[in-house]
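Good morning, colleagues. I would like to take a few minutes to walk you through one model.

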Amino acid sequence: MPVPRTNERSGTLIESHRGYDPRLWVFYGFVILLLGALASGLFYQQLLRTGIHLERETVQSQRRVVIPGPRGNLYDRDGRLLVGNRARFAVTLHLDELRTEFRHEFLRIRRNYREADDQNIPSAPELERIARISVVEGYLGRINRILGTQFQVNTETLERHYRQQRILPYLLLDDLQPAHYARLLEQLPVTSPLQLYTSSLRDYPHTSLAAHTLGYVAADDDVEVDETLPGSELRTFKMRGTVGRQGLEAALDPRLQGQSGGAIYRVNPAGYRLLPPLEQRRPVQGADVVTSLDLDLQLAAERTMTEMGLAGAAVALDVATGEVLVLASKPDYDLNSFTPRLTTAVNADIQARGAWMNRATQGLYPPGSTFKVLTSIAGLRSGHLHPDSSVECTGTYPVGGRVFVCNNHRDRGTITFPMALEKSCNTFFYDFGLKTGIDSLAAEARRFGLDRPTGIELPYEATRMFVPDPAWKLARRNESWFSGDTANVSIGQGDLALTPLQMACFIASFARNETLTHPTLLHDPDRPRQHSPATDLPLAGRAAMLAGMEAVTTTGTGRILQTDRFRVPGLRIAGKTGTAQKRTPAGTLNFAWFIGFAPIENPRIAIAIMMEGDTPGEDTGGGRYAAPVAGAIFKAWAAKTGRFTPPPPAAPSP
Amino acid sequence: MPRRFDQARPFFTLGLVLLVWLILPGVLKRFARLSFYELKAPVDLAASYVGDLQDFWSQKTRTNNELIVAARDLAAVNASYEFRMRDDARLRTEISRLEELLRLPSYGEFRSEPARVVRRDFNAWWQRIIVRKGSNHGILVGSPVVYSGGLAGRVVEVHATTSVVELISSPGLRLAAVFDGDDRPVSFQGGVNPPLRPAQGVLEFVPLDLFATSAAPRSLVTSGLGGIFPPGLIVGQVVQLEPSTDGLFKTGRVLIDERLGRITEVTVLVPIDPSVVNAPGEAAP
């Protein structure tokens, strides 16, 4: 207990303590310990954990905005633009520059309520929302006055943007007309929060041309961020990009995608960005791709297909390299309708027309009489068929208990091998197909790769094509193989199912006297000639086949190629038409086929055409519906390639 | 009063004035600024007139022979201008006829108001000029201003007897231009130009199929699409174009006529319909 005593100087009573109480040392020690703990904590936090705090501060106060790079262009083999980008002009509003205006508007509205003595004054957050809409409406009104328009603010998107993406500019008006863009460019002050913004929109100058091959893009809210872009640890906001969804746009997406750019901003506690950005990098356009397509040939093919008014597919290949010159599928769709987004109505229309499917790579069809080329090869190689083989065609051919009919049930008389190809005589191929046997036929089809996808760059290529044989039938249907099945396969009917692209590869391989062709949609001017195992056909056999196939295009089922519209003087074309039947719930539909190549003496282009009949029971012949499309392609190709030496005139008869 | 406080009194007064200025309402500040400007304007005008007088007396020192030669040259120039004016009138009539024939909308009509340049405004890094005409002469904010080299700029402030013109070399001026012979609008904006050097501008959103180099420059003219500037006024020469990284457009550099740097006489194109011009800086609702 301290003892009160009298101060000698003042004479007042003060409380005094006895100094140097040993117990105080304990207290001092305790205080020193605490201070030491504080100092060491400070040392630890400020010096040893500097990096961690700095990182946390950075993450908390900085934001990264990612801007996707424009996609690369697609060109045809001659460098003509097939797919590009077009600029989309928009007006954006930087909400973060309007903080003061939002506050002033908030105060003004609140004052008005109070002055009006309105008891139903909204809550502060609601007032803030009203103030924001009011300010943005004011800016839009300014634009409306300049443009003479009456656009209105979408309050829902504005609020959503304010809550979720405040750091990004708010898209006030999109897809401006050039005239509107020019007016705003001149009349909006440079320093206005309203800014003209440009972004790229995919542009297809030829609208629906090669629609399935080129493909389309869709909006992508989660664009891939370039790894070299700094700020990966920061909270990132991404501007909307695009991603390939179909065709080459999807297959080549990694190459076409641009390098994303962006900026890192410091933000205040309310999330508003502070200018200027700490770091900034401009996006870079993706790589351009030169496709193997030939614009002129593609146009010629699609124009003629449209004239036919049927669904179908057309494929043309460069025989030497396998580069795809034409890849068309009808019906198709306008690729520009996919940008900026596909509407429900357009989607429904495409669905109703059955235009989504790429019939060239996804459609599986019986090849019909075009398969007789393969039957011929199998027969020649097996030794059952010879160049001078012949059959007496009576119009019907009994197989087992069934009677198979020849074309049009006509009695053709003696049919030689070249004639059988020229007239597409079923009887001839029933006979030699049966002699050759299903095993040889199936093996030959597999040797030409007809039982597997071609491996073209396009996505979703059909994989369920097959060449039937006894083992397959037993496994699939638990049924025995009959001679009738072999007869059907001999003429490309039955369970055979192939894509037009496969048939194009097949005829290109045959043109090179080889067995496999790997198609590609990428153009390389230095691409070497493809090589694959030879057909091993006897020379005389191949010559007979070529003679028969040439006759198809001159006097046979494909003689439409000699009409004025399609005839190319001097160009010798080997071809084969076909008309396949397929039973559907609505009835039997015909599929018109044509496969061929030219010139015969030095094959350079191979073509496969398939046109779907749309009316059950209607005769949709290959010579009438498919050969004209091939003729248009041959003619366009010949126009680009140059003149052909006409065959020497026939010697005068004595 | 202690001597030390007396010594500090000017600083104290200055601080007090600054404090009062800071807390003064914005309206009063603006009024004070404008009043000061109008008060000061006669001094600028007087200086400008004195300059003119000085030029006059310097001309008086020339010999009669020199004046005769100058007058002869001037007569020749006038004759050529008269010929051009007749040609222009003929072309204008033809354009009107064609516009009527094609039912094209005619561009806004303008009234010419020649004005002498008082001085360059160093407050704006010499990118603005003050001209000797103002609201007393019917000048409107936003009016285009031309000179012998083409487009000079745009009126941004109008006072009673003077106006402030933002030059096209200023980064604060942007317009929709076109390449001569092309009809696609591109964005022209003044560059960051150091004083006493040839002025340059920046081009953006140039279509990829347009080309220009310093060896083969292309003329850039106003498009008339923006609603402020009439079409066909020369902006400058495009001397460089290069693809932007986004691959959508080209960006470029525009050389502005050197005469803009020593501009002494301009013509303000005052729209007959005042609604066709919009005051810059009016973005806020």
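For the complex, the predictor reports an ipTM of 0.75 together with a pTM of 0.70.

Let me begin with chain A. Its secondary structure comprises 21 helices and 22 strands. How does the radius of gyration of chain A stand against the globule rule? The value is 39 Å, whereas the rule gives 26 Å for 654 residues; the former is well over the latter, so chain A is more spread out than a compact globule. The C-alpha trace of chain A spans about 160 × 70 × 50 Å along its principal axes. Of the 654 residues in this chain, 45% count as buried. As for the contacts in chain A between residues at least 6 apart in sequence, 74% of them join residues at least 24 apart.

I turn now to the domains of chain A. The assignment gives domain 1 as residues 64-290, and domain 2 as two segments, 295-333 and 358-641. Taken over C-alpha atoms, the centres of domain 1 and domain 2 of chain A are 52 Å apart. To the contact between them, domain 1 of chain A brings 15 residues and domain 2 of chain A also brings 15 residues. Which helices supply at least two residues each on the domain 1 side? They are α7 (211-214) and α8 (247-251) of chain A. The most comes from α8(A), with 4 residues. By class, that side of domain 1 of chain A, where it touches domain 2 of chain A, holds 7 nonpolar, 4 polar and 4 charged residues.

Helix α19, residues 539-554 of chain A, has 16 residues, and from its first C-alpha to its last it reaches 22 Å, close to the 22 Å expected at 1.5 Å a residue. Among the buried residues of α19(A) are A:M545, A:L546, A:M549 and A:V552, and the list also includes A:E550 and A:T553.

Next, chain B. Its mean pLDDT is 85, and 91% of its residues reach 70 or more. Over residues 279-285 of chain B, however, pLDDT stays under 50, and for this stretch the model has 16 contacts beyond four places in sequence. Where pLDDT is low, the predicted coordinates should not be read in detail.

Chain B is divided into domain 1 (18-60) and domain 2 (109-274). The centres of these two domains of chain B, over C-alpha atoms, are separated by 26 Å. Their contact takes 6 residues from domain 1 of chain B and 9 residues from domain 2 of chain B. On the domain 1 side of that contact in chain B, the residues divide into 3 nonpolar, 1 polar and 2 charged.

Finally, the contact between the chains. Chain B contributes 24 residues to it and chain A contributes 28 residues. On the chain B side, strands β6 (174-179) and β7 (186-190) of chain B each supply at least two residues. The largest share of that side, 3 residues, comes from β6(B). The residues of chain B that touch chain A divide into 12 nonpolar, 10 polar and 2 charged.

Thank you for your attention.

Terms used:
Residues are numbered from 1 along each chain as its sequence is written. Chains are lettered from A and ligands numbered from 1 in the order in which they are written. This is a predicted model: local features need pLDDT of at least 70, side-chain atom pairs count only at pLDDT 80 or more; totals for chains, interfaces and linings use all residues. Domain bounds come from an automatic or database domain assignment. Two residues are in contact if their C-beta atoms, placed from the backbone, lie within 7 Å. Ala, Val, Leu, Ile, Met, Phe, Trp, Tyr, Cys and Pro count as nonpolar, Asp, Glu, Lys and Arg as charged, and the others, Gly among them, as polar. pLDDT is the predictor's confidence in each residue, from 0 to 100. The expected span of a helix is 1.5 Å times one less than its number of residues. A residue is buried if 20 or more other C-beta atoms lie within 10 Å of its own, exposed if 12 or fewer, and partly exposed in between; C-beta atoms are placed from the backbone. The radius of gyration is taken over C-alpha atoms; the globule rule is 2.2 Å times the number of residues to the power 0.38.
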